Amino acid sequence: MSSISDNLSHVHSKIAEAVAESYAVEASEKIEHLKEKGYNDIIWHFIGPIQKNKTRLIAEHFDVVESVDREIIANRLSEQRPSDKKPLEVMIEVNISGEDQKSGCSPDQVEELASLIESKSNLKFTGLMGVAKDTADHDEIDRSFKLLRSIFDKLKATHSNLRMLSIGMTHDMDIAIENGSTEVRIGTAIFGPREYAVKRLDDSHKVAFIGGGNMASCIFESVKKSVSPRNITVSGPHIEKLEHFKAEGASITSDNAIAAKSAGIIFLGVKPQILTSVLEDLVKNGVDFKDRLVISMAAGFCLSSLQRLTGSDRIVRIMPNTPAKIGQGVTALCCGRGVNASDVQLVKGLLNGMGKTFEGSEKQLDVIGAVAGCGPAFVFRFMEALISESVKNGMDEKTSRAMVEQLLSGSAQLVIQNQNQTLAQLREAVTSKGGTTYAGLCKMTEGHFEDMMHSVIDASLARTLEFEKMY
């Protein structure tokens, strides 16, 4: 058996220029971006499961593909490899764990698939790849790696270009190296676990924003984390105000119908007072909303009104608040009858970059809007009052603001990190009978603080109901 240093010599020589990716769309964008920046010497490996509709992207952008596991994928890669590029290096992925959910061909199919690959002039069969079961049983992992090593040794006798044995990841790399691995995939050890909260959507998901104002811009920033900007169209009456979307890679237009017809997901970001005319105009221009998921951010515009105007009940209403601009927001969400569980998950994923989303009934959406939507303004006014009192008592305004900012931030974190305690318990922990905090709280009681807050929220809810009656 070769030594560890011998096994890793190839990896060591390439470590500065070889990069592996497992998401074709996301990776293709990275590759193009880096090439534009002058990074043309990187060797790009594709290591993820391959969907048939992604083979063109892989064939056009990658140098090495490690996860070919069936004939149709090999054929498509060969057909779609550009003629001006050198042959695509191909490694066969073998299912060595025996798990049905794992990709990879069976061990007895490897020879036939290898011969097919070698028959293609623009493909080059160079290796085998396998993924062991994610288990603490090292003996089971070792058996899987030994199986692939034995197939590798057998094929070397008849396939002269075979040189790569790609087994081992962060948690089992030592066992892989002992079994002769020439390449280990240790991205987790280098970069940490990948964040999967936002799933990258494929090119079949096209998104349109009708209206490109401040909140649409905020939602766009979240959406582009899971949808390529090239699959997003933004419309608005003043095309010059949409240039920042174009700079991000989105398409822009002043024609709402063009935007809507291009997409399966439509965000309505126009003011409530003009939404009726906008929707009527879209329907008149041939937009069929029944085939689309519609997400409205118009305050006071009920589901029933949206359903009446669009002729569809596949409608979602959302109410984000302003901290969503920095990814710390609260977004209320309620759904029409035609929205299924997959639609809800899709919307939540698109909004994930804005903070936390709370799903409920339309009545609950109104409550969340009054508390969380209006709430930042109430909090800011409370902060203004504290800063003003600090200044009145001899502190400068800059220091007062910094102090109050930290006060709110620290208090919020104390609440978040002590879920086993009620707010009343946390308040009591600050309050000594007859002390300074107690004296201040007594004044809040005398001023009927809770009654005032009831009136504040009640007024916001009442105004919401007024808007709903208008539309």
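This is a predicted model: local features need pLDDT of at least 70, side-chain atom pairs count only at pLDDT 80 or more; totals for chains, interfaces and linings use all residues.
**Nonpolar cores**

The largest nonpolar core comprises 45 residues. Val-68, Leu-77, Ile-92, Val-94, Ile-117 and Leu-128 have the most contacts inside this core. Helix α6, spanning residues 138-156, gives the most to it, with six residues. Another core, of 30 residues, lies apart from the largest one and includes Val-234, Ile-252, Leu-346 and Val-347. In general terms, nonpolar side chains in soluble globular proteins tend to be buried together.

The surroundings of Val-94 can be listed in detail. When residues up to four places away in sequence are not counted, Val-94 touches Gly-104, Cys-105, Ser-106, Pro-107 and Val-110, and also Leu-128, Met-129, Gly-130, Val-131, Leu-148 and Ile-151. Among these partners, Leu-128 is also one of the core residues with the most contacts.

**Helix pairs**

| Helix pair | Angle | Axis distance |
|---|---|---|
| α15 (residues 362-373) and α16 (residues 375-392) | about 25° | 5 Å apart |
| α4 (residues 71-80) and α5 (residues 110-118) | roughly 10° | within 10 Å |

Because angles under 35 degrees count as roughly parallel, α15 is roughly parallel to α16. In this pair, Ala-370, Val-371, Ala-372 and Gly-373 of α15 meet Gly-375, Pro-376 and Phe-378 of α16. The contact of α15 with α16 is made up of five nonpolar and two polar residues, with no charged residue.

By the same cut-off, α4 and α5 are therefore roughly parallel to each other. Here Glu-71, Ala-74 and Asn-75 in α4 meet Leu-113, Leu-116 and Ile-117 in α5. The contact of α4 with α5 contains four nonpolar residues, one polar residue and one charged residue. Ile-117, on the α5 side of this contact, is also among the residues with the most contacts inside the largest nonpolar core.

**Thr-126**

Thr-126 belongs to strand β5, which covers residues 123-130. Thr-126 counts as buried because its relative accessibility is 0%, and buried means under 20%. The side chain of Thr-126 is joined to that of Glu-89 by a polar contact of 3.5 Å. Leaving aside residues up to four places away in sequence, Thr-126 touches Glu-89, Val-90 and Met-91, together with Asn-161, Leu-162, Arg-163 and Met-164.

**His-448**

His-448 is located in the loop between α19 (436-446) and α20 (449-470). Although His-448 is not a glycine, its phi is positive, at about 55°. Most residues other than glycine have a negative phi.

Notes
Residues are numbered from 1 along each chain as its sequence is written. Side-chain values use heavy atoms; hydrogens and water are left out. A nonpolar core is a set of buried Ala, Val, Leu, Ile, Met, Phe, Trp, Tyr and Cys residues joined through side-chain atoms within 4.5 Å. Buried means under 20% relative accessible area, exposed over 50%, partly exposed in between (1.4 Å probe, protein chains only). Helices (H or I, at least four residues) and strands (E, at least two) are DSSP runs, numbered from the N terminus. Contact means heavy atoms within 4.5 Å. Axes are lines fitted to C-alpha atoms, for helices over the stretch in contact, and angles run from 0 to 180 degrees between N-to-C directions. Angles under 35 degrees count as roughly parallel, over 145 as roughly antiparallel, 65 to 115 as roughly perpendicular and the rest as oblique. Ala, Val, Leu, Ile, Met, Phe, Trp, Tyr, Cys and Pro count as nonpolar, Asp, Glu, Lys and Arg as charged, and the others, Gly among them, as polar. A polar contact is a pair of N or O atoms within 3.5 Å; within protein, one must be able to donate a hydrogen and the other to accept it, and residues adjacent in sequence count only if both atoms are side-chain atoms.
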